[in-house]
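Q: Please guide me through the reading of helix packing and chain contacts in a structural model.

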Amino acid sequence: MRVLITGMAGHVARRVALQLHERGHRVVGIDLRPWADRPRGIPLYALDLRKRAAEDVFRTVRPELVLHLGTVSALTAMGEERYRINLGGTQAVFEHSHTYGAKQVVFVGRHTFYGAGADTPLYHTEEEPPQALAHFPELADLVAADLFAQTALWRFPELTTTILRVCYTLGPSGHGTLANFLRGPRAPMVLGFDPLFHFMHEDDAADAVVLAAEKQPRGVFNVAGPQPLPLSVVVRETGRRAIPLPEPLLALALGHAGFPRLPRGALSHIQYPIVIDGGRFRAATGFVHRYRELEVLRAFSAAFPMR
Amino acid sequence: MSAELTIAERVDRLELPFDRLGIDPFGVSKWHLKIGMGALAALYRHYFRVRAHGVSNVPARGRAMLVGNHSGGVAIDGAMVLASMFLELDPPRLAHGMAEKFINQLPFASIWTARTGQFTGLPEHAERLLRDDRMLLVFPEGARGTAKLFKERYSLVEFGTGFMRLALKTQSPIVPFGFIGGGDAIPTVTNLYKLGRLLGVPYIPVTPYGASVPLPVSLEVYYGAPMHFQGNGNEDDTVVQGYVDQVKAQISALVEQGRQNRTGLFT
């Protein structure tokens, strides 16, 4: 099968590419970021998804399967540029997939779609709308990209559209939102709050994307691994030190004194939980995670120990 | 009350799917339970000297809804029912109360309620806990119930109907209970609603002695036989209201039974 992966230099996308390549599929990638040590048989085009040259890749490769992992979070791109990448890129992926005859598009989104708030429920299901966006406007473009991807379900009925909302990923690569948060020796917490964090091993996340490509379920699916853990436990079990500060003080301390640089709105994500129900995806694909919660944390802390 | 087991042993006997760190999929933590239940047990056994009647009516396992009257200006009734399920049953059960939304916004209260299984009162939480075969603690009078004044302490205010639709939808048995003495422990003469709003709570109860600190009166709880209702939760309001009235009548009868049997405030 001909497979096109956007955002292929990302830590989960690389794993997906390697798996599909090993299984004999013809894998092609698009990403402005480099992936120097990739196998020779996996071409990577350093292109902007929204430019004409990216459409040429669709036209010449004629992928049957498109895996769209080319969105970015507020931690890696700012303002208008992030909007353009997430919304313009997603629009281009679906338009080109439709135009050039792809059979399936898998949009890999994030569980932060649901938002974190004091009165949002634990274990979000796919039917729930995004909430608490007012507190974290930097998340709006990712939410919009997810909702835009959903329109393909009715706009392009001949295309199998699979939308995945994957919880935080963590592992030896050290990449991803949660890994960035745990990068330094000290991890900030909002004094008096200790939300559940839902995360999975990056290998399990890659397995889930591959499984979505194999089983081709149509619709929206939460992807979760083991049970969530309180943030304080995540910090402790990865060998970091939790620094609880009152919320106004914490907002000032971000980006200083070894604290990660986070948008102010992200504080709601370390104050209230975002936990998802992954039952629908498991039922549709038979997905079973390999790594339990402590094994995921150990995999990260072994690769990035604190001394 | 079987006193031979320690609090820690009781926590270990809870039939919940704790992981190796002692945390369950809802974030309930053994460590927090041991401390929280230890504090509640001291209040239950020594301060309020709670007597629980009809505990054998509570199913040993499987989904169930404990539904009763509010009694007392702060939620000591809920705390003591929680303690009775933990201390009187063997194996003990963790009752999940439905907390007021403002509690999750309060530092530290947010942690302690979440880690001891007392989640924000959202329909999604209630349904998910029941489908996970857990036990839910429900006060259909809501905040109106805790706001009852001393003279109204044995009356029942209007019941919501959401709990009954949930019971029908999830096919959960309802265990009615009557709680006696909470209104004596906190003899509310008036409630300060404006001050409460300023402090981020629904109201501040005022007692003849000023503060809303509970008096060490004895408390009692009467559990009735489980009630089963057939349906899917989409029935007409009149049908559901009829079922609610049956539960309310049963709770009223249990409260009356408790009043008749009550020998004194401190005995």
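Predicted model: local features only at pLDDT ≥ 70, side-chain atom pairs only at ≥ 80, totals over all residues.

Q: Which residues make the contact?
A: From α3(A) come R82(A), Y83(A), N86(A), L87(A), T90(A), Q91(A) and F94(A). The α4(A) side consists of D141(A), L142(A), A144(A), A145(A), F148(A), A149(A) and A152(A). By class, this contact has nine nonpolar, three polar and two charged residues.

Q: What is the handedness of the crossing of α5(B) and α7(B)?
A: That crossing is right-handed. The axes of α5 (residues 123–131) and α7 (residues 162–170) of chain B come within 10 Å, at a crossing of roughly 35 degrees. Here P123(B), A126(B), E127(B), L130(B) and R131(B) of α5(B) meet G162(B), L166(B) and T170(B) of α7(B). The classes are four nonpolar, two polar and two charged.

Q: How many residues of chain A are in contact with chain B?
A: The size of an interface is often given as the accessible area lost when the parts come together. Counted by residues instead, 17 of chain A are in contact with 20 of chain B. On the chain A side, β12 (229–230) and α10 (293–303) each supply at least two residues. That side comprises 12 nonpolar, two polar and three charged residues.

Q: What ipTM and pTM does the model score?
A: Both ipTM and pTM are 0.92. For chain B, the average pLDDT is 91, and 98% of the residues score at least 70.

Terms used:
Residues numbered from 1 in each chain as written. Chains lettered and ligands numbered in written order. pLDDT = per-residue confidence, 0-100. Contact = placed C-beta atoms within 7 Å. Helix = DSSP H or I, 4+ residues; strand = E, 2+ residues; numbered from the N terminus. Nonpolar A, V, L, I, M, F, W, Y, C, P; charged D, E, K, R; others polar. Axes fitted to C-alpha atoms, helices over the stretch in contact; angles between N-to-C directions. Left-handed = near helix turned anticlockwise from the far one by under 90°.
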